[in-house]
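Here is a short report on charge pairing and overall fold.

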Amino acid sequence: MDALAKRIRTLGEECGMIFRLVDENGVPYDGEIDFKVPKLVLALSKATGSRSSTVVDGIQITALYLEDSRERCYLIVLGEFLEDNAYRLLRTVIKIYEGDL
């Protein structure tokens, strides 16, 4: 999980965003984080099978339960995920897959 967590973190950085992979308790797999992931956000994401968001100290924190992963974990997105962010992410993912071909 550490390698996956590092890759997800790097992917976020390449897109100009903050992505983190955390366990069921909100603890990141790849080191410390500067914010605490609210347990309610994690629970709601798991219960609904969708993303769940809240704002803490003016910063949006979104959790997405990754039910198909080997371990129970969540993708955390720090900040607002806008349409521009989505297109940057898609472009970056395409570049990664293109490099693997």
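## A linked network

Arg9, Glu13, Arg20 and Asp30 are joined in a network of salt bridges. The model is predicted. Side chains of opposite charge can pair when their charged atoms come close.

Arginine 9 bridges to glutamate 13, with the closest N and O atoms 3.9 Å apart. The cut-off for a salt bridge is 4 Å, so this pair qualifies. Both residues sit in helix α1 (residues 2-14). They are 4 residues apart, about one turn of the helix. Arginine 9 is partly exposed, at 31% relative accessible area. Glutamate 13 is exposed, at 52%.

Arginine 20 and aspartate 30 also form a salt bridge, at 2.8 Å from N to O. Arginine 20 belongs to strand β1 (residues 18-23), and aspartate 30 to the loop between β1 and α2 (39-48), so the pair ties together parts 10 residues apart in sequence. Are these two side chains buried or exposed? Arginine 20 is buried, with 5% relative accessibility. Aspartate 30 is buried too, at 13%.

## A bridge between loops

Glutamate 24 forms a salt bridge with arginine 72, and their closest N and O atoms are 3.8 Å apart. Glutamate 24 lies in the loop between β1 and α2, and arginine 72 in the loop between β3 (59-65) and β4 (73-78), so this pair ties together parts 48 residues apart in sequence. Glutamate 24 is partly exposed, with a relative accessibility of 35%.

## Charge totals

The structure holds 6 salt bridges. The protein carries 13 positive and 17 negative side chains. The centres of the two sets lie 1 Å apart.

## Fold and dimensions

The protein has 3 helices and 4 strands. Read from the N terminus, the order is α-β-α-β-β-β-α.

What radius of gyration does the protein have? The value is 13 Å, which agrees with the figure near 13 Å for a compact globule of 101 residues. The C-alpha trace spans about 40 × 30 × 25 Å along its principal axes.

## Packing and surface

Buried residues account for 36% of the 101 residues. Among contacts with a separation of 6 or more, 40% involve residues 24 or more positions apart.

Key
Residues are numbered from 1 along each chain as its sequence is written. This is a predicted model: local features need pLDDT of at least 70, side-chain atom pairs count only at pLDDT 80 or more; totals for chains, interfaces and linings use all residues. Side-chain values use heavy atoms; hydrogens and water are left out. Helices (H or I, at least four residues) and strands (E, at least two) are DSSP runs, numbered from the N terminus. The radius of gyration is taken over C-alpha atoms; the globule rule is 2.2 Å times the number of residues to the power 0.38. Buried means under 20% relative accessible area, exposed over 50%, partly exposed in between (1.4 Å probe, protein chains only). Contact means heavy atoms within 4.5 Å. Lys and Arg count as positive and Asp and Glu as negative; His and the chain ends are not counted. The place of a charge is taken as NZ of Lys, CZ of Arg, CG of Asp or CD of Glu. A salt bridge is a side-chain nitrogen of Lys or Arg within 4 Å of a carboxyl oxygen of Asp or Glu.
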